[in-house]
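Subject: Handing over the two-chain model

Dear colleague,

I am passing this structure on to you, and you will find it directly below. Please look through it once before reading my notes.

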Amino acid sequence: MTDATDQNSRAAASASTAKQVPMVLAEMVSKSFGSNEVLKSISLEVKRGEVMCLVGPSGSGKSTFLRCINHLEVVSAGRLSVDGDLVGYREANGKLYELAPREAARQRRDIGMVFQRFNLFPHMTALANIMEAPQRVKGLPKAQVEKSARELLARVGLADRADYYPAHLSGGQQQRVAIARALAMEPKLMLFDEPTSALDPELVGEVLDVMQGLAASGMTMIVVTHEMGFAREVADSLVFMDAGVVVESGHPDAVLSNPQHGRTQAFLSKVL
Amino acid sequence: MSSTKPNRPAAPQALPEPARAAAIKAIRLRHPGRMVFATLLVLLFVVFILDAAARPAFDWPSVGKYVFDQRISMAAFVTLQLTVYSMVIAIVLGVILAVMRLSPNPVVKSLAWFYLWVFRGTPVYVQLVFWGLISIIYQDISVGIPFTEPWLVFETDAVLSTFALAVIGLALNEAAYLAEIVRAGLLSVDKGQDEAATALGMSWAQTMRRIIIPQAMRVVIPPTGNEVISMLKTTSLVTAVPFSFDLFTRSRDISAETFNVIPMLVVASIWYLFFTSILMVGQYFLEKRFARGVGDRRPDRKADGLTGAATGTVTGLIPTIGGGQATVVLPVPPAAPEAADDPTSPEGGVR
Ligand SMILES: Nc1ncnc2c1ncn2[C@@H]1O[C@H](COP(=O)(O)OP(=O)(O)O)[C@@H](O)[C@H]1O
Ligand SMILES: [Mg+2]
């Protein structure tokens, strides 16, 4: 497959520059929907193996930023790159060329995404949900895919739920299957968009535990969350966004205990 | 609110069984009015049946004689063929039109809209008459590049039999209705599904085939079942082409010979009812098949916090212009999941 050679060469290229190239690099990224500018000159960096928590009031553009990283939205201005590759474009002779859908899909499969409302495929069992992409997108043999899917289910503590349909799983279980589904593509970066916001309070912990385990295993993660305890304990950096701008960022302990900006203080006083 | 504890054990400890009160044994509430009304209805029905059985105009011996007449069973088979062929073409065309209507390209979108406007806005009977006259409008069919010498030329009459014209006429009309059904089905699938599939790196075609269409099927099948049943009955209009080997036209022709109209109508009705009954059973099983993951069947009966965010859909029937045979599904994204388990439900009924 041409895909495989392509990946190898890219992996080799990124390995040699791994030290310098951050996993996610946003340079003055802006995004508008019509005349509504939702992201205003966002600049930030997530290093390999780092966990970044993104917090901010509703409507501040957190989801939009995550969606831009995964090229589900197209950036209006600035540069956004993942592992050294420009998202959605190819650069040649100083010009940007829009990627064909197939190339964009290839970029996306290295980035896992977990949604607030789980978005599991309701017509497939938990196991089939996890197997779908490795089988169809990567074209891996079924036996191998099933074996690793079962391992992933065990890893999120749901080995005995393989044959359950999503409707028959609790919210926390569904979200853990969704995490396993994203991990099945062996991503180098995981994006979480308020993964516990749709859960009953007593189910939040089981999902955070899985995420914490993932962070401990060295996964690079960007997590939009209101769980400040998780941010303090797991994150390497915390970014506070409001109205499309990065208001404040730094080590979670520093931002949470000693916020510099008035808007950060006001927001934290509500969620802490 | 994070915790450093390892994964919690899945099953909580069983609580001691609490003491139970005895089950309620009460005298059932009677509904005397209901009973009387039901008895009355049954009586009326029995009287009607007995009366019909005795009425000479129905000429039951003739009905018995003709119901298995070879000309009739052949005609029934032709009607079935008309239904199946035109439905298959209509489904393919309907899916294409539905996707066209959802296209971001305004030209493609308008073309599909125009098709629907024409074919839903005129009676199918009129359309069938038009198809019958096609060889007068277009004497021959040329294949090639327009305004150049054609590669192939067919005489319309020679290549298109009246059967083919009947199938084309029925299919093109039906496609307009199916397009709306399919479109509603596609729109009923939660946007998050498309997003999740795309984020996994699936292509548009894979997302459609593996994720969107299977879920849309659940919404599309009940009204499509209605359309099949409706089509079976609409085939009785092909006499407009004129095509005369279908069930209804054939039984009319036979009664013209025997001067005995009513028993032949009964014979035709029996065959139509027989087919629609089979179709209803088939629809029931199809619906069950595509309700997977939505119904309340589960691998075991253990109850543990069912906070599933399954997207349910509610189907409703509203009429649209053109023959009163349209079924449009209204998508209602988040609703209680429910399985259509009743073959006699309004969606499964004969119109
Ligand atoms: N597809 C879209 N079209 C138009 N406006 C959008 C779209 N997606 C998001 N927005 C707007 O962008 C703003 C930020 O939304 P979002 O990124 O979802 O915020 P957050 O996730 O921080 O709550 C909101 O005002 C929202 O209305
Ligand atoms: Mg959001």
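Predicted model: local features only at pLDDT ≥ 70, side-chain atom pairs only at ≥ 80, totals over all residues.

Residues are numbered from 1 along each chain as its sequence is written, chains are lettered from A and ligands numbered from 1 in the order in which they are written, and side-chain values use heavy atoms, with hydrogens and water left out.

I begin with chain A. Four of its strands form an open sheet in the order 2-1-4-5, with antiparallel pairing; strands here are DSSP runs of E with at least two residues, helices are runs of H or I with at least four, and both are numbered from the N terminus, while two strands pair if DSSP finds at least two bridges between them. At the edges of this sheet are strand 2 (36–46) and strand 5 (85–86) of chain A, each of which pairs on one side only. Strand 4 (residues 77–82) of chain A is joined to strand 5 of chain A by two bridges, and A:Val82 stands opposite A:Asp85 in strand 5 of chain A.

Helix 2 (residues 62–69) of chain A lies across strand 1 (24–33), strand 2 and strand 4 of chain A, at about 65° to strand 2 of chain A; contact means heavy atoms within 4.5 Å, and angles run from 0 to 180 degrees between N-to-C directions, with axes as lines fitted to C-alpha atoms, for helices over the stretch in contact. Because seven of the eight residues of helix 2 of chain A are buried, this helix is largely enclosed by the rest of the structure (buried means under 20% relative accessible area, exposed over 50% and partly exposed in between, with a 1.4 Å probe and protein chains only). Among the buried residues are A:Phe65, A:Leu66 and A:Ile69. After helix 2 of chain A comes A:His71, with a positive phi near 60°.

A further open sheet in chain A has six strands in the order 8-9-10-3-11-12, with mixed pairing, and its edge strands are strand 8 (111–114) and strand 12 (245–250) of chain A. Strand 3 (residues 51–55) and strand 10 (residues 220–224) of chain A pair in the parallel sense over four bridges, with A:Met52 opposite A:Ile222 in strand 10 of chain A.

Chain B has twelve helices and two strands, and buried residues make up 38% of its 351 residues. B:Glu227, in helix 10 of chain B, counts as buried because its relative accessibility is 0%.

Lastly, the largest pocket has a volume of about 940 Å³. A pocket is an open set of points on a 1 Å grid over the protein atoms alone where a 1.4 Å probe fits, with protein on both sides within 12 Å along at least five of seven lines, and lining residues have an atom within 4 Å of a point; the volume is the space filled by probe spheres set on the points, which are joined across faces, edges and corners. Of the 31 lining residues, those closest to the centre include B:Asp194, B:Glu195 and B:Trp204. Helix 3 of chain A gives the most to this lining, with five residues.

Best regards
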